[in-house]
Amino acid sequence: MVNVAILGYGVVGSGVAEVIHKNANHISEKAANEITVKYVLDVRDFPDAPFGMRFVKDFSIIENDPEVQVVVETIGGTGAALEFTKRCLAAGKNVVTSNKELVAEYGYELLHMARERNLNYLFEASVGGGIPIIRPISQCLAANELNEVYGILNGTTNYILTRMVRAGLTFQDALREAQAKGYAEKDPTADIEGYDACRKICILSALSFGSHVYPRQVATEGISKITLRDVGYAESGKRKIKLLGRAVRLPDGKISAYVAPHLVPDGSSLSNVEDVFNGIVVKGDAIGDVMFYGRGAGKFPTASAVVADVIDAAKHFKARKYLDWLPGGDDVTVDSAILPTRWYIRANATQEQAGNSFGEIEMLRSPDAPAGEIAFLTAEFNKREIETRGTDLDILARIRVLG
Ligand SMILES: NC(=O)C1=CN([C@@H]2O[C@H](COP(=O)(O)OP(=O)(O)OC[C@H]3O[C@@H](n4cnc5c(N)ncnc54)[C@H](OP(=O)(O)O)[C@@H]3O)[C@@H](O)[C@H]2O)C=CC1
Ligand SMILES: N[C@@H](CC=O)C(=O)O
(Lines give C-alpha, C1' and ligand atoms only; values in the text may rest on other atoms or scores of the structure.)
(Ligands and ions follow the chains in the order given, each with its own letter.)
Protein backbone atom coordinates (compact mmCIF):
# COMPACT_ATOMS: atom_id res chain seq x y z
CA MET A 1 0.00 0.00 0.00
CA VAL A 2 1.17 3.55 -0.78
CA ASN A 3 0.18 6.14 1.82
CA VAL A 4 -0.36 9.67 0.62
CA ALA A 5 -0.73 12.88 2.64
CA ILE A 6 -2.42 15.95 1.18
CA LEU A 7 -1.31 19.38 2.40
CA GLY A 8 -4.09 21.92 1.77
CA TYR A 9 -7.69 20.76 1.28
CA GLY A 10 -8.84 23.59 -0.98
CA VAL A 11 -10.02 23.46 -4.60
CA VAL A 12 -7.19 21.23 -5.85
CA GLY A 13 -6.45 19.24 -2.67
CA SER A 14 -10.09 18.23 -2.22
CA GLY A 15 -10.23 17.30 -5.92
CA VAL A 16 -7.16 15.08 -5.46
CA ALA A 17 -8.81 13.28 -2.50
CA GLU A 18 -12.01 12.80 -4.48
CA VAL A 19 -10.30 11.44 -7.60
CA ILE A 20 -8.15 9.03 -5.55
CA HIS A 21 -11.30 7.79 -3.81
CA LYS A 22 -13.58 7.64 -6.84
CA ASN A 23 -11.09 5.96 -9.20
CA ALA A 24 -9.44 3.82 -6.49
CA ASN A 25 -9.51 0.53 -8.37
CA HIS A 26 -8.30 1.94 -11.64
CA ILE A 27 -5.56 3.97 -9.92
CA SER A 28 -4.36 0.94 -7.94
CA GLU A 29 -4.11 -1.04 -11.17
CA LYS A 30 -2.11 1.71 -12.86
CA ALA A 31 0.19 2.13 -9.86
CA ALA A 32 0.42 -1.64 -9.30
CA ASN A 33 -0.22 -0.78 -5.67
CA GLU A 34 -3.13 0.41 -3.54
CA ILE A 35 -3.01 4.18 -3.08
CA THR A 36 -4.67 5.58 -0.01
CA VAL A 37 -4.92 9.05 1.53
CA LYS A 38 -3.71 8.64 5.10
CA TYR A 39 -3.71 12.29 6.20
CA VAL A 40 -5.01 15.65 5.10
CA LEU A 41 -3.45 18.77 6.58
CA ASP A 42 -5.32 22.05 6.54
CA VAL A 43 -5.63 25.09 8.76
CA ARG A 44 -9.41 24.85 8.48
CA ASP A 45 -11.80 22.22 9.89
CA PHE A 46 -13.85 20.05 7.56
CA PRO A 47 -16.35 18.22 9.82
CA ASP A 48 -18.39 17.00 6.84
CA ALA A 49 -15.49 15.90 4.65
CA PRO A 50 -16.13 12.52 2.99
CA PHE A 51 -13.97 9.38 2.64
CA GLY A 52 -13.06 9.05 6.35
CA MET A 53 -9.65 10.67 5.90
CA ARG A 54 -7.68 11.72 8.93
CA PHE A 55 -7.49 15.50 9.15
CA VAL A 56 -4.52 16.90 11.05
CA LYS A 57 -3.30 20.38 11.85
CA ASP A 58 0.20 19.41 12.96
CA PHE A 59 2.51 18.90 10.00
CA SER A 60 5.04 16.94 12.09
CA ILE A 61 2.56 14.01 12.28
CA ILE A 62 2.98 13.60 8.52
CA GLU A 63 6.67 14.41 8.55
CA ASN A 64 7.40 11.79 11.21
CA ASP A 65 5.20 9.01 9.85
CA PRO A 66 7.51 6.66 7.88
CA GLU A 67 4.48 5.09 6.21
CA VAL A 68 3.80 8.31 4.25
CA GLN A 69 5.77 7.98 1.03
CA VAL A 70 4.12 10.60 -1.18
CA VAL A 71 3.04 14.08 -0.10
CA VAL A 72 0.78 16.24 -2.25
CA GLU A 73 1.38 19.96 -1.65
CA THR A 74 -1.67 21.97 -2.68
CA ILE A 75 -1.40 24.83 -0.19
CA GLY A 76 0.02 27.29 -2.69
CA GLY A 77 2.44 30.19 -2.25
CA THR A 78 6.01 30.15 -0.99
CA GLY A 79 5.47 30.26 2.78
CA ALA A 80 4.35 27.09 4.53
CA ALA A 81 4.42 25.28 1.17
CA LEU A 82 8.18 25.82 0.84
CA GLU A 83 8.93 24.85 4.43
CA PHE A 84 6.79 21.70 4.29
CA THR A 85 8.17 20.65 0.90
CA LYS A 86 11.74 20.90 2.15
CA ARG A 87 10.90 19.02 5.34
CA CYS A 88 9.13 16.27 3.35
CA LEU A 89 12.12 15.83 1.04
CA ALA A 90 14.49 15.89 4.02
CA ALA A 91 12.35 13.18 5.62
CA GLY A 92 12.69 11.01 2.49
CA LYS A 93 9.21 11.60 1.07
CA ASN A 94 8.39 12.17 -2.59
CA VAL A 95 6.50 15.40 -3.24
CA VAL A 96 3.89 16.19 -5.89
CA THR A 97 2.58 19.73 -6.35
CA SER A 98 0.35 22.02 -8.38
CA ASN A 99 2.10 25.07 -6.90
CA LYS A 100 3.66 26.93 -9.82
CA GLU A 101 4.77 29.86 -7.68
CA LEU A 102 6.94 27.51 -5.64
CA VAL A 103 8.35 25.73 -8.70
CA ALA A 104 9.04 29.03 -10.51
CA GLU A 105 10.88 30.50 -7.52
CA TYR A 106 12.49 27.42 -5.95
CA GLY A 107 12.23 24.67 -8.59
CA TYR A 108 15.99 24.28 -9.07
CA GLU A 109 16.65 24.11 -5.34
CA LEU A 110 13.84 21.61 -4.67
CA LEU A 111 14.75 19.40 -7.63
CA HIS A 112 18.33 19.43 -6.37
CA MET A 113 17.20 18.38 -2.89
CA ALA A 114 15.11 15.60 -4.40
CA ARG A 115 17.97 14.44 -6.64
CA GLU A 116 20.41 14.23 -3.72
CA ARG A 117 17.99 11.93 -1.91
CA ASN A 118 16.95 9.89 -4.94
CA LEU A 119 13.39 11.17 -4.56
CA ASN A 120 10.91 12.64 -7.00
CA TYR A 121 9.57 16.19 -6.98
CA LEU A 122 6.81 16.24 -9.61
CA PHE A 123 4.67 19.16 -10.81
CA GLU A 124 2.68 18.25 -13.92
CA ALA A 125 -0.27 20.35 -12.68
CA SER A 126 1.83 23.48 -12.28
CA VAL A 127 1.38 24.51 -15.93
CA GLY A 128 -1.81 24.12 -17.97
CA GLY A 129 -3.91 22.59 -15.17
CA GLY A 130 -4.95 19.19 -16.55
CA ILE A 131 -3.02 19.45 -19.83
CA PRO A 132 -0.09 17.06 -20.14
CA ILE A 133 2.80 19.46 -20.84
CA ILE A 134 5.63 18.87 -18.33
CA ARG A 135 6.14 15.23 -19.33
CA PRO A 136 5.73 15.86 -23.07
CA ILE A 137 8.37 18.61 -23.01
CA SER A 138 10.79 16.68 -20.79
CA GLN A 139 10.28 13.25 -22.31
CA CYS A 140 8.36 13.09 -25.58
CA LEU A 141 10.13 16.10 -27.14
CA ALA A 142 13.53 15.28 -25.62
CA ALA A 143 15.07 14.63 -29.05
CA ASN A 144 14.43 18.22 -30.15
CA GLU A 145 16.32 21.44 -29.72
CA LEU A 146 13.43 23.61 -28.54
CA ASN A 147 13.63 27.26 -29.53
CA GLU A 148 10.29 28.78 -28.57
CA VAL A 149 7.32 28.11 -26.31
CA TYR A 150 4.28 30.35 -26.04
CA GLY A 151 0.60 30.26 -25.36
CA ILE A 152 -2.43 30.99 -23.25
CA LEU A 153 -1.28 29.95 -19.80
CA ASN A 154 -3.92 31.36 -17.48
CA GLY A 155 -7.45 30.00 -17.37
CA THR A 156 -8.94 32.83 -15.32
CA THR A 157 -7.95 35.65 -17.68
CA ASN A 158 -8.91 33.64 -20.76
CA TYR A 159 -12.27 32.97 -19.12
CA ILE A 160 -12.71 36.68 -18.32
CA LEU A 161 -11.80 37.80 -21.86
CA THR A 162 -14.13 35.19 -23.38
CA ARG A 163 -17.07 36.16 -21.15
CA MET A 164 -16.55 39.87 -21.82
CA VAL A 165 -16.59 39.29 -25.59
CA ARG A 166 -19.20 36.55 -25.85
CA ALA A 167 -21.66 37.52 -23.10
CA GLY A 168 -20.86 41.21 -22.72
CA LEU A 169 -20.09 40.76 -19.01
CA THR A 170 -18.15 43.42 -17.17
CA PHE A 171 -14.61 42.59 -16.13
CA GLN A 172 -15.68 42.36 -12.45
CA ASP A 173 -18.65 40.07 -13.14
CA ALA A 174 -16.54 37.77 -15.31
CA LEU A 175 -13.87 37.62 -12.58
CA ARG A 176 -16.51 36.77 -9.97
CA GLU A 177 -17.66 33.85 -12.14
CA ALA A 178 -14.09 32.59 -12.52
CA GLN A 179 -13.59 32.75 -8.76
CA ALA A 180 -16.85 30.88 -8.10
CA LYS A 181 -15.69 28.13 -10.46
CA GLY A 182 -12.41 27.73 -8.52
CA TYR A 183 -10.20 28.93 -11.37
CA ALA A 184 -8.69 32.04 -9.80
CA GLU A 185 -5.73 32.28 -7.45
CA LYS A 186 -6.39 33.12 -3.81
CA ASP A 187 -5.41 36.68 -4.70
CA PRO A 188 -6.76 37.08 -8.26
CA THR A 189 -4.33 39.93 -8.91
CA ALA A 190 -1.89 37.13 -9.74
CA ASP A 191 -4.14 36.11 -12.62
CA ILE A 192 -5.18 39.56 -13.82
CA GLU A 193 -1.74 41.17 -13.71
CA GLY A 194 -0.08 38.19 -15.41
CA TYR A 195 2.01 36.93 -12.45
CA ASP A 196 0.50 33.46 -12.68
CA ALA A 197 1.27 33.21 -16.41
CA CYS A 198 4.75 34.56 -15.63
CA ARG A 199 5.38 31.70 -13.16
CA LYS A 200 4.24 29.22 -15.77
CA ILE A 201 6.43 30.60 -18.56
CA CYS A 202 9.37 30.40 -16.12
CA ILE A 203 8.70 26.69 -15.63
CA LEU A 204 8.24 26.10 -19.36
CA SER A 205 11.47 28.00 -20.08
CA ALA A 206 13.45 25.95 -17.58
CA LEU A 207 12.09 22.70 -19.01
CA SER A 208 12.50 23.73 -22.64
CA PHE A 209 15.87 25.47 -22.49
CA GLY A 210 17.51 23.83 -19.48
CA SER A 211 18.20 26.70 -17.03
CA HIS A 212 16.13 28.16 -14.22
CA VAL A 213 14.36 31.40 -15.14
CA TYR A 214 13.07 33.50 -12.24
CA PRO A 215 9.82 35.49 -12.36
CA ARG A 216 11.80 38.72 -11.80
CA GLN A 217 13.53 38.09 -15.16
CA VAL A 218 10.24 38.04 -17.08
CA ALA A 219 8.62 41.35 -18.10
CA THR A 220 4.99 40.91 -17.14
CA GLU A 221 1.86 42.77 -18.14
CA GLY A 222 -1.70 41.57 -17.46
CA ILE A 223 -5.13 42.34 -18.87
CA SER A 224 -6.27 45.05 -16.46
CA LYS A 225 -5.72 47.83 -19.02
CA ILE A 226 -7.63 46.07 -21.83
CA THR A 227 -10.86 47.91 -22.64
CA LEU A 228 -13.97 46.83 -24.54
CA ARG A 229 -12.94 49.40 -27.14
CA ASP A 230 -9.69 47.51 -27.78
CA VAL A 231 -11.68 44.28 -28.01
CA GLY A 232 -13.96 45.97 -30.59
CA TYR A 233 -11.09 47.27 -32.73
CA ALA A 234 -9.43 43.84 -32.57
CA GLU A 235 -12.67 42.24 -33.78
CA SER A 236 -12.86 44.67 -36.69
CA GLY A 237 -9.37 43.49 -37.69
CA LYS A 238 -10.51 39.85 -37.38
CA ARG A 239 -8.47 39.32 -34.25
CA LYS A 240 -9.03 38.45 -30.59
CA ILE A 241 -7.14 39.68 -27.55
CA LYS A 242 -5.43 36.93 -25.55
CA LEU A 243 -2.95 37.02 -22.67
CA LEU A 244 0.13 35.10 -23.81
CA GLY A 245 3.32 33.97 -22.13
CA ARG A 246 6.23 33.58 -24.52
CA ALA A 247 9.82 32.40 -24.18
CA VAL A 248 12.40 32.29 -26.95
CA ARG A 249 15.89 30.84 -27.05
CA LEU A 250 18.07 33.27 -29.02
CA PRO A 251 20.95 32.16 -31.27
CA ASP A 252 23.48 32.98 -28.50
CA GLY A 253 21.63 30.59 -26.17
CA LYS A 254 20.12 33.30 -23.96
CA ILE A 255 16.48 33.12 -23.00
CA SER A 256 14.05 35.98 -23.49
CA ALA A 257 10.62 35.65 -21.89
CA TYR A 258 7.64 37.89 -21.28
CA VAL A 259 3.90 37.89 -20.54
CA ALA A 260 1.62 40.36 -22.30
CA PRO A 261 -1.74 40.64 -24.06
CA HIS A 262 -1.60 40.03 -27.82
CA LEU A 263 -3.99 40.37 -30.74
CA VAL A 264 -4.14 36.90 -32.30
CA PRO A 265 -5.68 36.31 -35.77
CA ASP A 266 -9.14 34.74 -35.97
CA GLY A 267 -8.90 31.18 -37.16
CA SER A 268 -5.45 30.65 -35.65
CA SER A 269 -5.11 27.77 -33.21
CA LEU A 270 -4.80 30.10 -30.20
CA SER A 271 -7.77 32.28 -31.15
CA ASN A 272 -10.05 29.28 -30.73
CA VAL A 273 -8.82 28.62 -27.19
CA GLU A 274 -11.73 29.98 -25.14
CA ASP A 275 -13.10 29.98 -21.58
CA VAL A 276 -10.89 28.25 -19.04
CA PHE A 277 -8.95 26.37 -21.72
CA ASN A 278 -5.22 26.88 -22.24
CA GLY A 279 -3.27 26.34 -25.45
CA ILE A 280 0.52 25.96 -25.46
CA VAL A 281 2.65 25.87 -28.61
CA VAL A 282 6.16 24.38 -28.48
CA LYS A 283 8.56 24.73 -31.41
CA GLY A 284 11.21 22.07 -31.90
CA ASP A 285 13.83 21.63 -34.62
CA ALA A 286 12.68 18.11 -35.49
CA ILE A 287 8.95 18.19 -34.76
CA GLY A 288 8.16 21.75 -35.89
CA ASP A 289 5.17 23.21 -34.02
CA VAL A 290 3.21 21.12 -31.55
CA MET A 291 0.24 22.43 -29.58
CA PHE A 292 -1.17 21.26 -26.25
CA TYR A 293 -4.76 22.12 -25.43
CA GLY A 294 -7.16 21.49 -22.56
CA ARG A 295 -8.62 22.80 -19.33
CA GLY A 296 -6.06 25.05 -17.70
CA ALA A 297 -7.65 25.33 -14.25
CA GLY A 298 -10.37 23.90 -12.04
CA LYS A 299 -10.73 21.26 -9.36
CA PHE A 300 -10.86 18.02 -11.34
CA PRO A 301 -8.73 18.88 -14.37
CA THR A 302 -5.94 19.94 -12.02
CA ALA A 303 -6.49 16.93 -9.75
CA SER A 304 -6.18 14.72 -12.85
CA ALA A 305 -2.60 15.90 -13.36
CA VAL A 306 -1.72 15.76 -9.65
CA VAL A 307 -2.98 12.20 -9.24
CA ALA A 308 -1.10 11.10 -12.36
CA ASP A 309 2.07 12.36 -10.65
CA VAL A 310 1.13 10.47 -7.48
CA ILE A 311 0.83 7.28 -9.55
CA ASP A 312 4.14 8.02 -11.24
CA ALA A 313 5.84 8.64 -7.90
CA ALA A 314 4.38 5.42 -6.50
CA LYS A 315 5.74 3.47 -9.47
CA HIS A 316 9.20 5.01 -9.23
CA PHE A 317 10.27 4.90 -5.61
CA LYS A 318 14.04 5.15 -5.62
CA ALA A 319 14.08 5.77 -9.37
CA ARG A 320 14.54 9.41 -10.24
CA LYS A 321 12.39 10.84 -13.00
CA TYR A 322 13.71 12.93 -15.87
CA LEU A 323 12.94 16.40 -14.40
CA ASP A 324 15.98 18.62 -13.93
CA TRP A 325 17.57 21.85 -15.07
CA LEU A 326 20.59 24.03 -14.41
CA PRO A 327 20.68 26.92 -11.92
CA GLY A 328 19.52 30.36 -13.03
CA GLY A 329 21.42 33.63 -13.02
CA ASP A 330 21.52 37.07 -14.56
CA ASP A 331 23.47 35.78 -17.58
CA VAL A 332 20.73 33.25 -18.48
CA THR A 333 18.19 35.76 -19.80
CA VAL A 334 18.06 38.92 -21.91
CA ASP A 335 15.47 41.69 -21.85
CA SER A 336 12.44 40.77 -23.95
CA ALA A 337 12.22 44.39 -25.12
CA ILE A 338 14.53 43.33 -27.98
CA LEU A 339 12.00 40.87 -29.48
CA PRO A 340 10.23 42.31 -32.54
CA THR A 341 6.44 41.98 -33.08
CA ARG A 342 3.75 43.93 -34.88
CA TRP A 343 1.79 46.33 -32.63
CA TYR A 344 -1.80 47.49 -32.24
CA ILE A 345 -1.98 51.18 -31.34
CA ARG A 346 -5.03 53.18 -30.26
CA ALA A 347 -4.47 56.92 -30.13
CA ASN A 348 -6.03 60.33 -30.34
CA ALA A 349 -4.47 61.29 -33.65
CA THR A 350 -5.06 61.50 -37.38
CA GLN A 351 -4.15 58.75 -39.81
CA GLU A 352 -1.55 61.06 -41.30
CA GLN A 353 0.12 61.70 -37.94
CA ALA A 354 0.14 57.96 -37.25
CA GLY A 355 1.69 57.23 -40.64
CA ASN A 356 4.37 59.87 -40.07
CA SER A 357 5.30 58.28 -36.75
CA PHE A 358 4.99 54.56 -37.50
CA GLY A 359 5.46 54.24 -41.27
CA GLU A 360 3.24 51.71 -42.99
CA ILE A 361 0.08 51.09 -40.94
CA GLU A 362 -3.14 49.06 -41.30
CA MET A 363 -6.16 51.00 -40.05
CA LEU A 364 -8.84 49.33 -37.88
CA ARG A 365 -12.42 50.62 -37.69
CA SER A 366 -14.88 50.75 -34.85
CA PRO A 367 -18.45 52.02 -35.39
CA ASP A 368 -18.54 53.65 -31.96
CA ALA A 369 -15.09 55.22 -31.98
CA PRO A 370 -15.13 58.71 -30.45
CA ALA A 371 -14.18 61.61 -32.70
CA GLY A 372 -10.44 61.96 -33.06
CA GLU A 373 -9.63 58.39 -31.99
CA ILE A 374 -7.96 55.94 -34.37
CA ALA A 375 -6.58 52.43 -34.09
CA PHE A 376 -4.10 50.71 -36.38
CA LEU A 377 -1.56 47.92 -36.70
CA THR A 378 2.11 48.66 -37.32
CA ALA A 379 4.92 46.72 -38.98
CA GLU A 380 7.38 44.86 -36.70
CA PHE A 381 9.20 46.82 -34.02
CA ASN A 382 10.75 45.78 -30.76
CA LYS A 383 9.41 47.32 -27.54
CA ARG A 384 12.24 49.84 -27.28
CA GLU A 385 11.65 51.04 -30.85
CA ILE A 386 7.87 51.26 -30.53
CA GLU A 387 8.18 53.35 -27.36
CA THR A 388 10.34 55.90 -29.12
CA ARG A 389 7.77 56.38 -31.88
CA GLY A 390 4.59 58.42 -31.69
CA THR A 391 5.79 60.35 -28.65
CA ASP A 392 3.98 63.41 -30.00
CA LEU A 393 0.65 61.48 -30.19
CA ASP A 394 -1.79 60.82 -27.37
CA ILE A 395 -1.37 57.03 -27.27
CA LEU A 396 -4.19 55.28 -25.39
CA ALA A 397 -3.23 51.62 -25.88
CA ARG A 398 -0.28 49.65 -27.21
CA ILE A 399 -0.69 45.86 -27.55
CA ARG A 400 1.49 43.26 -29.31
CA VAL A 401 0.16 41.43 -32.36
CA LEU A 402 0.90 37.76 -32.96
CA GLY A 403 1.35 36.69 -36.58
N1 LIG B 1 -7.46 26.26 -8.55
C2 LIG B 1 -6.92 25.85 -9.70
O3 LIG B 1 -7.60 25.67 -10.72
C4 LIG B 1 -5.47 25.56 -9.77
C5 LIG B 1 -4.60 25.83 -8.74
N6 LIG B 1 -3.28 25.55 -8.85
C7 LIG B 1 -2.37 25.79 -7.74
O8 LIG B 1 -2.64 24.81 -6.73
C9 LIG B 1 -2.39 25.37 -5.44
C10 LIG B 1 -3.66 25.26 -4.61
O11 LIG B 1 -4.68 25.99 -5.25
P12 LIG B 1 -6.19 25.95 -4.74
O13 LIG B 1 -6.57 24.59 -4.35
O14 LIG B 1 -6.97 26.66 -5.77
O15 LIG B 1 -6.07 26.87 -3.45
P16 LIG B 1 -7.05 26.94 -2.19
O17 LIG B 1 -6.83 28.26 -1.55
O18 LIG B 1 -8.43 26.57 -2.62
O19 LIG B 1 -6.51 25.76 -1.26
C20 LIG B 1 -5.42 25.88 -0.37
C21 LIG B 1 -5.82 25.27 0.96
O22 LIG B 1 -4.68 25.23 1.82
C23 LIG B 1 -5.05 25.79 3.07
N24 LIG B 1 -3.87 26.30 3.76
C25 LIG B 1 -3.35 27.55 3.72
N26 LIG B 1 -2.25 27.63 4.51
C27 LIG B 1 -2.09 26.40 5.04
C28 LIG B 1 -1.14 25.85 5.96
N29 LIG B 1 -0.13 26.57 6.45
N30 LIG B 1 -1.27 24.56 6.32
C31 LIG B 1 -2.30 23.82 5.83
N32 LIG B 1 -3.23 24.28 4.97
C33 LIG B 1 -3.11 25.57 4.58
C34 LIG B 1 -6.04 26.86 2.71
O35 LIG B 1 -6.79 27.29 3.84
P36 LIG B 1 -7.29 28.85 3.82
O37 LIG B 1 -8.23 28.96 2.66
O38 LIG B 1 -7.96 29.01 5.14
O39 LIG B 1 -6.07 29.68 3.65
C40 LIG B 1 -6.88 26.12 1.68
O41 LIG B 1 -7.84 25.28 2.28
C42 LIG B 1 -1.94 26.82 -5.69
O43 LIG B 1 -0.54 26.83 -5.77
C44 LIG B 1 -2.53 27.13 -7.07
O45 LIG B 1 -1.80 28.12 -7.74
C46 LIG B 1 -2.76 24.97 -9.97
C47 LIG B 1 -3.54 24.67 -11.03
C48 LIG B 1 -4.96 24.98 -11.04
N1 LIG C 1 -5.41 30.64 -11.49
C2 LIG C 1 -4.84 29.71 -12.42
C3 LIG C 1 -5.10 28.32 -11.95
C4 LIG C 1 -4.37 27.31 -12.70
O5 LIG C 1 -3.15 27.32 -12.82
C6 LIG C 1 -5.48 29.91 -13.78
O7 LIG C 1 -6.52 30.57 -13.84
O8 LIG C 1 -4.92 29.45 -14.78
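Predicted model: local features only at pLDDT ≥ 70, side-chain atom pairs only at ≥ 80, totals over all residues.
Reader: What makes the protein count as compact as a globular protein of its length?

Author: The secondary structure comes to 14 helices and 16 strands. The radius of gyration is 23 Å, close to the 22 Å that the globule rule gives for 403 residues, so the protein is as compact as a globular protein of that length. Along the principal axes, the C-alpha trace spans about 75 × 45 × 35 Å.

Reader: Why is the pair formed by Arg44 and ligand 1 called a polar contact?

Author: A polar contact requires a pair of N or O atoms within 3.5 Å. A polar side-chain atom of Arg44 lies 2.7 Å from an oxygen atom of ligand 1, so the pair qualifies. Lys100 also qualifies, with a polar side-chain atom 3.1 Å from an oxygen atom of ligand 1. At Val11 a polar backbone atom takes part, 3.0 Å from an oxygen atom of the ligand. The protein covers 83% of the 880 Å² of accessible area that ligand 1 has on its own.

Reader: What makes Glu185 and Lys200 polar contacts of ligand 2?

Author: The cut-off is again 3.5 Å between N or O atoms. A side-chain N or O atom of Glu185 is 2.7 Å from a nitrogen atom of ligand 2, and one of Lys200 is 2.7 Å from an oxygen atom of the ligand. Gly155 contributes a polar backbone atom, 2.7 Å from an oxygen atom of ligand 2. The protein covers 93% of the 250 Å² of accessible area that ligand 2 has on its own.

Reader: Where does ligand 2 lie, and which elements give two or more residues to its shell?

Author: The space taken by ligand 2 is the largest pocket. The elements in question are α7 (155–167) and α10 (195–209).

Reader: How many residues of each class are in the shell around ligand 2?

Author: The shell divides into 3 nonpolar, 4 polar and 5 charged residues. Among its members are Lys100, Asn154, Thr156, Tyr183, Asp191 and Asp196. Because Asp and Lys count as charged, Lys100, Asp191 and Asp196 belong to the charged class.

Notes:
Residues numbered from 1 in each chain as written. Chains lettered and ligands numbered in written order. Heavy atoms only, no water. Near = heavy atom within 4 Å. Polar contact = N/O pair within 3.5 Å; in protein donor to acceptor, adjacent residues only side chain to side chain. Areas by Shrake-Rupley, 256 points an atom, 1.4 Å probe, with all protein chains shown as cover. 1 Å grid on protein atoms, 1.4 Å probe; cavity = no way out; pocket = protein on both sides within 12 Å on 5 of 7 lines; lining within 4 Å. Sits in = over half its atoms within 2 Å of the grid points. Helix = DSSP H or I, 4+ residues; strand = E, 2+ residues; numbered from the N terminus. Rg over C-alpha atoms; globule rule 2.2 N^0.38 Å.
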